[in-house]
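Here are my notes on the model you sent over. Have it open while you read, and take the points in any order you like.

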Amino acid sequence: MATSWFSVLLLVSIVFSCFLAASAGDFYQEFDLTWGDKRSEILNGGRLLTLSLDKASGSGFRSKREYLFGRIDMQIKLVSGNSAGTVTAFYLSSEGPNHDEIDFEFLGNLSGDPYIVHTNVYSQGKGDREQQFYLWFDPTKNFHTYSIIWSPQGITFMVDNIPIRVFNNEESIGVPFPKNQPMKVYSSLWDADEWATRGGQVKTDWSKAPFKAYYRNFNAYSWNSVGTDVWRTRALDATGRRWLRWAQKYHMVYNYCADLKRFPHGRPLECRRSRFL
């Protein structure tokens, strides 16, 4: 089934190659190291980037370009060993108080525990749309591909080409959706032990520092209005929907739409409308 879904995505990429403008590969050309002093490095002639966290500071980088819709891929190898308290964030964001944002956040764990991937969507400065999943593999042993597909119709979060979440555009029922603000690609490695692991019960063990995350094979595909109408019809096929149901049934550990204590006066509007959020 995974092969089938990958084949669909590959076919879509080929079909729309005439509409897509791609940037790829060279971290020197694509990114600026924005904070952390020398804790972030670009290596191997621009093909590898590393972020590091110690007790004094974390680190981060940001894309030189902005994107308004497209597909963003990054291969990441996450912090290994006892990474409790750390967060590796990979996300799209605009700037300003009413910013839009599309988040992957990888929450560190005690050695042997599964990593949690935390997803969120902000529109016009408002987020609170969290879903969390256990990753079904050890993301510290090898590189894995994390993707955001963003169109005017919706946002899809993917792990190794498997969709784990879809957030649809529900502006027709009054739900804000990020569609007007171009966003840059960001990533950071930072200390969040007040909440990241078991709700903050497990603190960062600084004797294990420095903590390191590794990045390679960045790709960004943006499409113009010529290809948009065709792309809309190829969001998820039946195989993709089966994978989405699988991820949500067997690996989801938190869904804001199911948190009735958080929304005692009724779930958010989009939660009542869509099966896949």
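1. Overall picture. Keep in mind that this is a predicted model. The protein chain exposes about 12700 Å², with carbon and sulfur atoms supplying 49% of that area. Of its 277 residues, 53% count as buried.

2. Fold content. The protein chain has five helices and 16 strands. If you look at contacts between residues at least 6 apart in sequence, 69% of them join residues at least 24 apart.

3. The main core. The largest nonpolar core holds 48 residues, and Phe-104, Phe-106 and Tyr-146 are the ones with the most contacts inside it. Strand E15 (residues 211-223) gives this core its largest share, five residues. Another core, of five residues, lies apart from it; Val-87, Leu-107, Ile-116 and Ala-192 are among its members.

4. Aromatic pairs. The count comes to 17 aromatic pairs. One to click on is Phe-104 with Tyr-146: the ring centres are 6.0 Å apart and the planes sit at 70°, so the pair is edge-to-face, given that the cut-off for that label is over 60 degrees. Phe-104 belongs to strand E8 (residues 101-107) and Tyr-146 to strand E11 (residues 144-151), so this pair ties together parts that are 42 residues apart in sequence. Phe-104 is buried, at a relative accessible area of 0%, and Tyr-146 is buried with a value of 0% too.

5. For a charge on a ring, go to Lys-77, which lies over the face of Tyr-214 at 5.4 Å from the ring centre.

6. The disulfide. How many disulfides does a search of the whole structure find? It finds one. The partners are Cys-257 and Cys-271, with their sulfur atoms 1.9 Å apart. Cys-257 sits in the loop between strand E16 (252-255) and helix H5 (269-273), while Cys-271 is in helix H5, so the pair ties together parts that are 14 residues apart in sequence.

7. Its geometry and surroundings. Which hand does the disulfide of Cys-257 and Cys-271 have? The torsion about the S-S bond is about -75°, so the disulfide is left-handed. Are the two cysteines buried or exposed? Cys-257 has 3% relative accessibility and counts as buried; Cys-271, at 4%, counts as buried as well. The cut-off here is under 20%.

Definitions and conventions. Residues are numbered from 1 along each chain as its sequence is written. This is a predicted model: local features need pLDDT of at least 70, side-chain atom pairs count only at pLDDT 80 or more; totals for chains, interfaces and linings use all residues. Side-chain values use heavy atoms; hydrogens and water are left out. Helices (H or I, at least four residues) and strands (E, at least two) are DSSP runs, numbered from the N terminus. Buried means under 20% relative accessible area, exposed over 50%, partly exposed in between (1.4 Å probe, protein chains only). Contact means heavy atoms within 4.5 Å. Accessible areas come from the Shrake-Rupley method with a 1.4 Å probe; for residues, only the protein chains shown count as cover. A nonpolar core is a set of buried Ala, Val, Leu, Ile, Met, Phe, Trp, Tyr and Cys residues joined through side-chain atoms within 4.5 Å. Rings of Phe, Tyr and Trp (its six-membered ring) pair if their centres lie within 6.5 Å; planes under 30 degrees apart count as stacked, over 60 as edge-to-face and the rest as tilted. A charge sits over a ring if NZ of Lys or CZ of Arg is within 6 Å of the ring centre and within 35 degrees of the ring normal. A disulfide is a pair of cysteine sulfur atoms within 2.5 Å.
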